[in-house]
Amino acid sequence: MYDHVLIPVDGSDESTAAARRGLALAKDFDATAEAVHVVDQRARRLTRTDRESGRLHEHGESVLADIESLAADIGQPVTTELLEGKPSVQIDKYARETDAGLIVLGRQGLTGLGKRLLGGVTEQLLHRTAVPVLVVSGEKQAERREFDYSRVLVTTDGSENANTATRHVAAVADQYNALVHVLNVVDIQAAGGAFNAGGLNEAFIERLEADGHDAVAATADDLETAASDVSVETAVERTDSLDGVAAGIREYVSDRDIDLVVMASHGRSNLKRQLLGSVTSQLLRTVDVPVLVTPRST
């Protein structure tokens, strides 16, 4: 499933934690691993001398050397590449050139100017790339060598785009003998409007839930076809939070002690109005487990 894992790094703690996870995944899937650092073109333009420019490249080389040491500690070979330009563009371009099957990077990082990013490069990359991206939040146990994926959650709204996540879930679940939770969240606020959520007809909500049950059942069937030995649980949950579907997913992740979330970069809401992309973006900012984002279907 993942023959080549690409790991963009910038030297931040979160980036290093993501690299550790990416290297471990490459080892488990018997894949090649490659770490890249992009010298941000904005920082490059601000340099006044060749010496200042050289320091940016020296920093990048130092970051990559640290990943080589980390890979040796884990026992996973890694190659490295120093790039220059706009990070999201260069990462996507290099992923396509090297036929990467998976990109692994931190949710937050450092720009070449030392500024913290919230979304930033990660979200720009998600909007651009056709390669699956594993987004890793800060790891409390940054020195871990092995990672638990025994409880995997895949979200679905029944759309074709959401269904692109199925084969990735099957591959991860098969590799780690995971229990897969398939979840559909019915957004009461979106269904009735922020000022009319309490006045919805119960029969209407039940129809939304019936659609949700159809969606999770279809995904469960697809999973059984892709990996017959995988155990699956399905659920349809309501949420009346103003944070919508993302809040329902976060609550489910916390209640079921989920290790990994898999979801499409874009989809549709239960009413076919709200982009799942907005749900993905919100969830990435607030959930504390890794999220594997699969690209939209073409």
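## Thr239 and its surroundings

Leaving aside the neighbours within four places in sequence, Thr239 is in contact (heavy atoms within 4.5 Å) with Val185, Val186, Asp187, Ile188, Gln189, Gly244, Val245, Ala247 and Gly248. Thr239 belongs to strand β8, which covers residues 231-239, and with a relative accessible area of 7% Thr239 is buried. Here buried means under 20% relative accessible area, exposed means over 50%, and partly exposed means in between, using a 1.4 Å probe and protein chains only.

This is a predicted model, in which local features need pLDDT of at least 70 and side-chain atom pairs count only at pLDDT 80 or more, while totals for chains, interfaces and linings use all residues. Residues are numbered from 1 along each chain as its sequence is written, and side-chain values use heavy atoms, with hydrogens and water left out.

## The chain as a whole

The protein chain has eleven helices and ten strands, where helices (H or I, at least four residues) and strands (E, at least two) are DSSP runs numbered from the N terminus. Of the 298 residues in the protein chain, 55% are buried. Among the contacts in the protein chain with a separation of 6 or more, 79% are between residues 24 or more positions apart. The accessible surface comes to about 14,100 Å², and 44% of that surface belongs to carbon and sulfur atoms; such areas come from the Shrake-Rupley method with a 1.4 Å probe, and for residues only the protein chains shown count as cover.

## Helix α1

Helix α1 has 16 residues and reaches 23 Å from its first C-alpha to its last, which is close to the 22 Å expected at 1.5 Å a residue; the expected span is 1.5 Å times one less than the number of residues in the helix. Twelve of the 16 residues of α1 are buried, and the helix is mostly covered. The buried residues of α1 include Glu14, Arg20 and Arg21, as well as Leu23 and Leu25. Just after α1, Asp30 takes a positive phi of about 55°.

## Nonpolar cores

A nonpolar core is a set of buried Ala, Val, Leu, Ile, Met, Phe, Trp, Tyr and Cys residues joined through side-chain atoms within 4.5 Å. The largest such core has 50 residues, and of these Leu23, Leu134, Val180 and Leu260 touch the most other members. Apart from this core lies another, of 35 residues, among them Val185, Ala235, Val253 and Val261.

Which residues surround Val180, once its neighbours within four places in sequence are left aside? Val180 is in contact with Val152, Val154, Val169, Ala173, Leu223, Val230, Ser231, Val232 and Glu233.

## Aromatic pairs

The whole structure holds three aromatic pairs; rings of Phe, Tyr and Trp (its six-membered ring) pair if their centres lie within 6.5 Å, and planes under 30 degrees apart count as stacked, over 60 as edge-to-face and the rest as tilted. Tyr2 and Phe29 form an edge-to-face pair, 5.1 Å centre to centre with 70° between the planes. This pair links distant parts of the chain, 27 residues apart, with Tyr2 in the segment before β1 and Phe29 in the loop between α1 and β2. Tyr2 counts as buried because its relative accessibility is 3%, and Phe29 counts as buried at 15%.

Tyr149 and Tyr176 form a tilted pair, 4.7 Å centre to centre with 45° between the planes. Tyr149 lies in the loop between β5 and β6, whereas Tyr176 lies in helix α7. Together, Tyr2, Phe29, Tyr149 and Tyr176 form one aromatic cluster.

## Salt bridges

The structure holds nine salt bridges, each being a side-chain nitrogen of Lys or Arg within 4 Å of a carboxyl oxygen of Asp or Glu. Asp257 forms one with Arg151, with the closest N and O atoms 3.3 Å apart, and this pair links the loop between α10 and β9 to strand β6 across 106 residues. Asp257 is partly exposed at 46% relative accessibility, and Arg151 is partly exposed at 23%.

Asp259 also forms a salt bridge with Arg151, the closest N and O atoms being 3.2 Å apart. Asp259 lies in the loop between α10 and β9 and Arg151 in strand β6, so this pair ties together parts that are 108 residues apart in sequence. Asp259 itself is buried, with a relative accessible area of 12%. A further salt bridge joins the side chains of Glu237 and Arg256 (3.5 Å, N to O), with Glu237 in strand β8 and Arg256 in helix α10. Salt bridges that share partners join Asp148, Arg151, Asp257 and Asp259 into one network.
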